[in-house]
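Visitor: I'd like to learn how to read a model like this one. Could you take me through it, one feature at a time?

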Amino acid sequence: MTAAIGVLPRDPSAIEAAARAEVKATLRLDDAILVATQAGLLRYESGQKLAPLPGLPAEEVRGLGPAPGGFVAVIGRRVLQADGTGRVLRWIEGPEGEKLGPVTAASGRILAGSKTGVFAFGEAGWTRLLGETGFEVIRIWEQPGRILVAVKKQGMQRLPALAESLDGGVTWTLTEMGDYGDIVVAADATRIVTKWRGARPRTAMPGGYKKHPITAAELRADGGVLVLDGDKAEIAGPGRRKAEIFHPALADAEHVHLLPDGILFGGVQGLFLFDPLRHRVSDLSAGLFTDRTLGKRKRLFALDGVNVLATCSFGSFHSVDGGASWQKADAEWDVLDAERMARAEDGRWFLLTQRGLFVTRDNGARIDYLKPKLANGVRHFGELRSLAVGAGRLWLGTKQGLFSAALDNPEHLGPVDAVPAASIEGLAFSKDGLLMAVDDHGLLRLDAAGTVAPFADVALHEASFVTDGATLLATAEDGLVAIAADGTTTDATPDDAKGGEFSLTAREGRILAWNRQAAWQKREGSAWQAVPGFPAGVRSVALLPDGTALLTDRARVSGFSLPDAG
């Protein structure tokens with residue numbers, strides 16, 4: 001974020017002190033754990049400090065996997081093969097036009113995945129073994145005579161899947177999961193762990209939906225399994241032996257290992273060691289890579305008065321003085337990948353992430369998880385997308401349609417069957433009902449009688465809405481659209497805008513719109529005015545009552561003094 005006229009001093013020191021390098025992958029290698037991060041490759045052994053592997057580039061490592069006598073790693077556009085000490089054996093350029101992630105060479109041949117499939121490297125270079133555009137591979141495992149691939153997406157309208165080959169990738173068997181978003185977290189020849197259905201034998205029918213999403217798992221050679229289930233670590237041994245341990249730091253971690261000195265876990269929040277006997281978490285990556293910006297400062301939310309919530313990849317932070325100072329929020333989950341917030345009349349703020357719903361009753365100081373309780377036999381929401389509060393109810397737009405709950409019992413969700421079971425990309429209340437931006441259906445309206453009808457023929461993706469007098473403003477592809485009370489739409493993009501993805505926010509009659517290049521503001525019902533000196537690259541804004549805008553470009557949080565909106 002470049003310096004600009006109007007930038008105000010703020011003290012984000014509590015946020016910056018908590019920033020950690022994101023963990024992209026981990027690998028057991030003999031008695032050590034190799035750790036791929038956004039800033040380089042690290043090594044951890046029980047009882048020793050986490051330390052960088054010498055002689056390797058200090059840049060993002062997106063994938064990590066086993067190889068004979070060592071490991072392979074995806075660093076930039078290249079694949080590194082090294083021995084167990086980190087000594088470089090060879091560098092290989094990745095396939096043209098592909099951004100590689102998961103990688104393995106356990107059988108001696110390098111396999112790598114991308115958002116278009118699985119590739120193998122041989123004497124003739126890279127060859128595609130599986131997939132096409134939209135076929136997103138997130139994990140690859142190799143066992144003797146077997147390749148297993150976790151597929152997040154297969155293109156439009158397809159479910160997550162487990163792909164398996166028993167002949168080196170010549171032929172494949174694809175097993176789709178039964179629910180959108182129920183991605184495969186871990187698998188071997190006989191067992192599978194999925195995000196919403198949990199751990200089970202591959203031949204068994206899936207059980208009920210989990211109350212928390214499973215984000216990481218380790219299948220153990222003794223038949224046991226370790227899973228991270230929200231803020232819970234659950235260790236199930238052979239037979240019926242089971243142990244459960246809870247800690248806020250566990251939530252949203254995507255990599256986990258059971259070690260002699262505790263549970264090693266990591267993800268966007270960094271790398272940590274949890275000692276369950278002492279119920280103590282050690283921050284292993286503190287003090288590393290302090291010469292660069294770490295993690296992401298993702299969203300800012302203006303709550304009541306000058307209370308502000310900042311959600312970052314490495315934690316959530318609360319300010320009671322408009323961002324002049326910050327404290328770590330007392331959250332049931334440390335990491336809240338927040339997308340939306342909405343206020344109920346009783347002062348509760350509901351916070352939506354892709355994986356869960358939370359509530360704060362004190363403007364962000366304490367944040368609690370709401371466990372979704374779905375009735376038997378109803379479909380799962382898969383992924384949460386949008387949020388609204390109105391008519392005494394909580395409304396959730398999901399990848400699988402509209403869900404709702406009474407405000408006095410928000411955990412008991414249920415689908416609204418009158419609404420198509422498609423992705424709900426935005427929600428807003430009008431005087432005549434709830435407006436819903438629905439994939440492939442335009443803007444629909446749900447009235448008080450439960451009737452759904454078309455309202456406006458406009459396609460909206462990840463839409464935000466604000467009230468502009470008698471109309472609604474909404475973010476659309478590369479611009480803004482005004483939606484009148486009768487459903488007619490007009491282009492509301494500022495005349496001097498040069499395209500790009502727009503965002504909207506509003507407070508006390510002031511409306512602010514911005515893209516990655518500039519910003520505009522207005523009072524309700526008036527014309528847009530350019531905001532001089534607004535920094536480029538802003539991702540999220542929180543408006544304060546005094547006209548200050550708190551900004552983040554993901555690299556830092558700062559304040560900007562907006563001119564009078566007229």
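**Charges, fold and one lysine**

Guide: Let's start with charge. This is a predicted model, and in its chain the 63 positive and 69 negative charges have mean positions that lie 4 Å apart.

Visitor: What share of the residues counts as buried?

Guide: Here the cut-off is under 20% relative accessible area. By that count, 55% of the 566 residues are buried. As for the accessible surface, it comes to about 23700 Å², with 49% belonging to carbon and sulfur atoms.

Visitor: Now a single residue. Where is Lys 371 found?

Guide: Look in the loop between strand E37 (366–370) and strand E38 (384–390).

Visitor: And why does Lys 371 count as partly exposed?

Guide: Partly exposed is the range between buried, under 20%, and exposed, over 50%. Lys 371 has 34% relative accessibility, so it counts as partly exposed.

Visitor: Which residues is Lys 371 in contact with, leaving aside neighbours within four places in sequence?

Guide: Those are Lys 211, His 212 and Glu 411. Take Lys 211: it is 160 residues from Lys 371 along the chain, yet their C-alpha atoms are separated by 5.5 Å. Across the chain, residues 24 or more positions apart make up 41% of the contacts with a separation of 6 or more.

Technical notes:
Residues numbered from 1 in each chain as written. Predicted model: local features only at pLDDT ≥ 70, side-chain atom pairs only at ≥ 80, totals over all residues. Heavy atoms only, no water. Buried < 20%, exposed > 50% of the residue type's maximum accessible area, 1.4 Å probe, protein only. Contact = heavy atoms within 4.5 Å. Areas by Shrake-Rupley, 256 points an atom, 1.4 Å probe, with all protein chains shown as cover. Lys, Arg positive; Asp, Glu negative; His and termini not counted. Charge placed at Lys NZ, Arg CZ, Asp CG, Glu CD. Helix = DSSP H or I, 4+ residues; strand = E, 2+ residues; numbered from the N terminus.
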